[in-house]
Amino acid sequence: PICNLSAIARRRAAEALARRDEMARLFDVSRDVLLITDSREALTSLARAVARRFDLEYAAICLPRDDGWDIAASGALGGSLDHGELSRALAGAEALHYDVDARAFGAGRMVTVNGRAVTTVPLRLGTKAIGLLAMSGAVPGPGALDALGGVAAIAIERAHFLEELKTADLARQREELKSALLASIAHDLRTPLTAIRVAASNLQASWLTDADRRDQSELVLGEGERLTRLIEA
């Protein structure tokens, strides 16, 4: 009995250390997420961070698209993930089942690629699965997998937000440039138009000499040519 109690204590101590190690790795991944600012490479950077922090042979962020799957991976499997298997794994994640013993949602699915076992975990925002995290190697326990899927999902949403923010900023810059361009054009057009208007008004004056009328006519023609060049430019 004493030996059994000692073995149980050692096992629980080992489990506690393993959980502590997993939490530290999750914290490191969360910190990595905050450093990812390039939305174009966000998925690949996230896959690399997960693989590095958890010492995985392979990690991939898999997002469903209308025409298949978008997969950003770190490491190699010697083969490719089957899109049908990914679709079935994502469909299975829609039915939430909480495992009380594991303290995790039991929606993970195991697939095989070129003889290697690959674990797929839903990327959840709340209860909605937006994609899958595929991993091969020393995969962490169910609780850590659940948390890792949540962190990865938040990272993806953050990347989408950064992309939308960048798009909105580019649109704002385009509008500002357009407004500045229109203001510049309006200013450039206003000067010859004003000169033409004044000269045309002067031509109606009865006190102008023939020489003055020729000067005013030449002014109208000259400014008209200038106006034409501005419009054509």
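These legends accompany close-up views of a predicted model.

**View 1. Overview of the protein chain.**
The chain has 233 residues, of which 31% are buried. Its secondary structure comes to 5 helices and 7 strands. From the N terminus, the elements follow the order α-α-β-β-α-β-β-β-β-β-α-α. Among contacts with a separation of 6 or more, 55% join residues 24 or more positions apart.

Strands of a sheet pair through backbone hydrogen bonds, either parallel or antiparallel.

**View 2. The hairpin of strand 1 and strand 2.**
Strand 1 and strand 2 form a hairpin, with 2 residues between them. Strand 2 covers residues 68–75. The two strands pair in the antiparallel sense over 8 bridges. Two pairs of residues can be picked out here. Ala60 has Ala73 of strand 2 as its bridge partner. Ile61 stands opposite Ala72, also in strand 2.

Helix 2 has 12 residues. From its first C-alpha to its last, helix 2 reaches 16 Å, close to the 16 Å expected at 1.5 Å a residue. Its buried residues are Ala42, Leu43, Thr44, Leu46, Ala47, Ala49, Val50 and Ala51. An α-helix has 3.6 residues a turn, so residues three or four places apart point the same way.

Asp55 sits in the loop between helix 2 and strand 1. Asp55 is not a glycine, yet its phi is positive, at about 50 degrees. Is this residue buried or exposed? Asp55 is exposed, because its relative accessible area is 53% and the exposed class begins over 50%.

**View 3. The largest nonpolar core.**
The largest nonpolar core has 29 residues. Leu46, Val50, Ile61, Leu123, Leu148 and Ile156 have the most contacts inside this core. Several elements give two or more residues to this core: helix 1 (2–35), helix 2 (42–53), strand 1 (56–65), strand 6 (116–125), strand 7 (128–137) and helix 4 (142–203). Helix 4 gives the most, with 8 residues. A second, separate core has 16 residues, including Leu90, Val111, Leu132 and Ala134. In soluble globular proteins, nonpolar side chains tend to be buried together.

**View 4. Val50 and its contacts.**
Val50 is among the residues with the most contacts inside the largest nonpolar core. It is also one of the buried residues of helix 2. Which residues does Val50 contact, leaving aside its neighbours within four places in sequence? They are Val29, Leu56, Ala59, Leu133 and Leu148. Leu148, like Val50, is listed among the residues with the most contacts inside this core.

**View 5. Ser136 in strand 7.**
Ser136 is found in strand 7. With a relative accessible area of 4%, Ser136 is buried. Its side chain reaches the backbone oxygen of Ala117 at 3.1 Å. Leaving aside its neighbours within four places in sequence, Ser136 is in contact with Leu56, Glu57, Tyr58, Leu77, Arg116, Ala117 and Val118.

**View 6. Leu145 in helix 4.**
Leu145 lies in helix 4. Leu145 counts as buried because its relative accessibility is 11%, and buried means under 20%. Beyond its neighbours within four places in sequence, Leu145 is in contact with Thr119, Val121, Met135, Val139 and Pro140. Leu145 and Pro122 are 23 residues apart along the chain. Their C-alpha atoms are separated by 9.1 Å.

Note on methods: Residues are numbered from 1 along each chain as its sequence is written. This is a predicted model: local features need pLDDT of at least 70, side-chain atom pairs count only at pLDDT 80 or more; totals for chains, interfaces and linings use all residues. Side-chain values use heavy atoms; hydrogens and water are left out. A nonpolar core is a set of buried Ala, Val, Leu, Ile, Met, Phe, Trp, Tyr and Cys residues joined through side-chain atoms within 4.5 Å. Buried means under 20% relative accessible area, exposed over 50%, partly exposed in between (1.4 Å probe, protein chains only). Helices (H or I, at least four residues) and strands (E, at least two) are DSSP runs, numbered from the N terminus. Contact means heavy atoms within 4.5 Å. A polar contact is a pair of N or O atoms within 3.5 Å; within protein, one must be able to donate a hydrogen and the other to accept it, and residues adjacent in sequence count only if both atoms are side-chain atoms. The expected span of a helix is 1.5 Å times one less than its number of residues. Two strands pair if DSSP finds at least two bridges between them.
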